[in-house]
Structure formats: structure tokens, C-alpha cells
Amino acid sequence: MSLAVGTKTGYRLFSVTSVDKLDCIHESTETPDVYIVERLFSSSLVVVVSESMPRRMNVYHFKKGTEICNYSYSSNILAVRLNRQMNVCLCSLIESIYIHNIKDMKLLKTLLNTPSNPSGLCALSINHCNSFLAYPGSDTNGEIIVYDANNLSTVTMIPAHDSPLAAITFSASGTKLASASERGTVIRVFSIPEGLRLFEFRRGMKRYVNISSLSFSPDAQFLCASSNTETVHIFKLEQHSPSGEEDAPSWSAYVGKMFTAASSYLPAQVSGMMSQDRAFATVRLQMVGQKNVCTLAIIQKLPRLLVASSDGQLFIYNIDPQDGGECTLVQKHRLFGSDKDWEGTEKCELTEPPQACQTYAATVAIPTSGPVTATLTGYSEDGGAKKGEVIPEHEFAAGPVCLDDETEFPPVSIR
């Protein structure tokens, strides 16, 4: 398990191999005001974007302390996603997306005139067979465009929500996509590439919230969601039997059957709300209103929920995979120790290294100020050579660049 943290004075990379120990494997103070730091799985390659140069993406070999290359764009970089299996580096701007080949950082595709996306919301699957990209298809509703990053073609459009999107994420296999809208009350899971709705979960009914992150467990049996409230929800992705019967009938099952029977007599909106599944497990955070990211991982052979907050804290909770319920806090870490210069983190990222399943990640990015403008949905087929569009300039280090070389970028081990 790895943790990347960008702050006002640089960035730090951590390894989480046990609940009680948090190892800082690298610290850099050469680039201030880092708001994007994306590590390529457990390798020594890291991509950094800072507020001082928000239009430039720098690629570093952090073990050697050298810059490999950098790219400059026509507007501020809002998100970066890496995919080692299909050799994809994704860079999201407010109205365009650039896809690079991570082997040599050559530009493969430019998606122009995408709907205004001021938060840079996007998701990239890391599975080598299902290398999909998802991004908003509209700035007025919750449409999702699913794009094949391998064949460089659009796969489908999913009408996921009535309101604009707030969060999207792929499962490790790339066969499921979860989404939430700006209302934050309903979370939906779709099959990929078909775009069929598989699950619908209700986070709450009393108030709208801002969902900051969604993350599947490595086996895609669970999905966690965090927001600007004090509660993190964990949903269980299980198909109910067609008959609705259970091996051991319970009071909740009986009530569920009564709701199902009554739903046919109620308005569609009410019956739909009653059919939505509730959280399997929950966590009550110790802070409220802090930006945070969450992820599900196996640490020391037990399922855990990890939550990193923007005030520099990492919380680790135990999960009961059988009965769910309220999760237990087992450990809390300060990501910056006693160093006051590291206070005020702007971005945290949690990634799970490939084991039995592939990596998944959740990210919180700095919201950008300024008006949101509506644009025409579409993309360029000519690699970005379009009138008025600035093609990214790039600068490589001396010598050949081969960013997928296992000997050049080996996994980092803790001794």
C-alpha cells in the first residue's frame, strides 16, 4: 500500500505495510506548492504538478533524484492518471484530455472540446485487457463517456445521473464503473463496456453532500464513498436472489419483502428510493468538512478502510466483511510529524500495489476558481492538430526514454 502526499513545500511518498507503521520512503522539497503527485504503482517514477507551474507536468525518477522529461500544455493541469499495463499517461485539462504513451511519453491522442470540467474529473482503468477512460459527457447532467484508451475510440455514453458528476472510479478489473452526482445522495455501479446499471446505493436522503472519493475493494465486492460529512459509507456489491428468499429469514428480510410488495402501489420516485440498497458498513470520522480520500485494502491479511484527510492525518479502520456495521478505528498517523512546514496539505492519494488484484486509487484535487462555461461535446480525431489549439511542447532528458523498463524503475522495497 502506498500513499503520496503533495503539500506547500513539496511532496512525500509513504509505504503502508502494517497498521502500526508508516514508512516515508521519499521526501522532496525542491518543488513547492505541489497539488498533483502521481506515483506509477510501486515504482520509482512519479509525476508532479505544482501551483508555480500549473501548466507543466514533470516526470521524475525519485530514487535517482533526476527529471526524466516534462510536458507543457495550453491551460492548467487538473488531473493526471497513470496506467502501466496499457502504457497510458492521462492528463486532464478543463476542456481537453491528452493521452500519452508512458513508454516514451509520445502524444497518442488529444480529446478536444470536452465538456467544461473545472475539477478535472476523470478515471482510468489499470487492467491490461480493459484499459478504459471515463470522463463527464456533459456539464449540465451526469452523462459519462467511456473511452477505450487502447484502441483510442469511444465505447459508450452512460446516462448515469440527472445532476452533473462529482466522482467516478473503475474497479481493478475495469469491468465496473461507480459514479456519484453533485447531489451526493445516490451512487450507481455500471457494467463496462456495456454501460448497464448493476447496483444503486443510497448514501442518504436528508441532505445533499459533496462526495470527494469513490473506491472499490481489490476484488470489487465492496465500494467505499467519502464526502464532506463525518460519515464514510461502505456498500456491498451482492446480487440478491430472484426469489428474494434467504437461507435464514430475518426481520430485515421480512420488512424488505413488505417494501417490495408496497412499491407497486407507490409513485415511481418513491418506489425507486425504497429499492435502493443502504450502506453495509459505516465510519464516523473525527473531523468534519475536511477534504479526504478513502480506499479499501488488505493490510496484514485483514480488510481495512484507509482515510487520508487534507489536514495531514491518515486513519485506518477494521472492517467486518461478514456483518458490516460500524467500523473500528485501529490506528491514526500524522503524515507530517512535527514539521510545521508540512501543514496544510492540498492533496492526498492512496494506491494499492498489485498483488492478487490490480491497483486502484482515489484522489482529491484542489478545486479551481473561476466560472464554469458550457462547451460542445466532442473530440478531435487528428491528434490535436486543430486551429487555435496549442500542441504540448516537451523536453526530454539526454538519452532514450523508456519509462516501462523494469530494471530502470524497479519496485521500491523497504529494508
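Visitor: Which residues does valine 80 touch, not counting residues up to four places away in sequence?

Guide: In this predicted model, valine 80 touches Ile36, Glu38, Val47, Val49, Met57, Cys89, Leu90 and Cys91. Contact here requires heavy atoms within 4.5 Å.

Visitor: What makes the largest nonpolar core, and which members touch the most others?

Guide: The largest nonpolar core has 23 residues, and Met57, Tyr73, Ile77, Val80 and Leu82 touch the most other members. Two or more residues each come from β4 (34-39), β5 (45-50), β6 (53-61), β7 (66-72), β8 (79-83) and β9 (88-92). Another core, of 17 residues, lies apart from it, and Phe222, Leu285, Cys294 and Phe315 are among its members. In soluble globular proteins, nonpolar side chains tend to be buried together.

Visitor: Why is cysteine 91 called buried?

Guide: The relative accessibility of cysteine 91 is 0%. Buried means under 20%, so cysteine 91 counts as buried.

Visitor: Why is the pairing of arginine 12 and glutamate 27 called a salt bridge?

Guide: The N to O distance between these side chains is 3.4 Å. The cut-off is 4 Å, so arginine 12 and glutamate 27 qualify as a salt bridge. Arginine 12 belongs to strand β2 (residues 11-15) and glutamate 27 to strand β3 (residues 23-28), so the pair ties together parts that are 15 residues apart in sequence.

Visitor: Are arginine 12 and glutamate 27 buried or partly exposed?

Guide: Arginine 12 has a relative accessible area of 9% and is buried.

Visitor: What makes aspartate 23 and lysine 21 a salt bridge?

Guide: Their side chains meet at 3.6 Å, N to O, and the limit is 4 Å, so the pair qualifies. Aspartate 23 is buried, at 13% relative accessible area, whereas lysine 21 is partly exposed, at 46%.

Visitor: How do you know that glutamate 230 forms a salt bridge with arginine 284?

Guide: The closest N and O atoms of glutamate 230 and arginine 284 are 3.5 Å apart, which falls within 4 Å; therefore the pair counts as a salt bridge. Glutamate 230 lies in the loop between β21 (222-227) and β22 (231-236), and arginine 284 in strand β23 (residues 281-284), so parts that are 54 residues apart in sequence are tied together. Elsewhere, salt bridges that share partners join Arg188, Arg197 and Glu200 into one network. By this rule the count comes to five salt bridges.

Visitor: Why are β12 and β15 said to stand at the edges of their sheet?

Guide: The open sheet has four strands in the order β12-β13-β14-β15, with antiparallel pairing. β12 (123-124) and β15 (153-161) each have a single partner strand, so one side of each is left without a neighbour in the sheet.

Visitor: How do you know that β12 and strand β13 pair?

Guide: β12 and strand β13 (residues 132-136) share two bridges in the antiparallel sense. Pairing requires at least two bridges, so these strands count as paired. Leucine 124, for instance, has leucine 133 in β13 as its bridge partner.

Technical notes:
Residues numbered from 1 in each chain as written. Predicted model: local features only at pLDDT ≥ 70, side-chain atom pairs only at ≥ 80, totals over all residues. Heavy atoms only, no water. Buried < 20%, exposed > 50% of the residue type's maximum accessible area, 1.4 Å probe, protein only. Core = buried A, V, L, I, M, F, W, Y, C linked by side-chain atoms within 4.5 Å.
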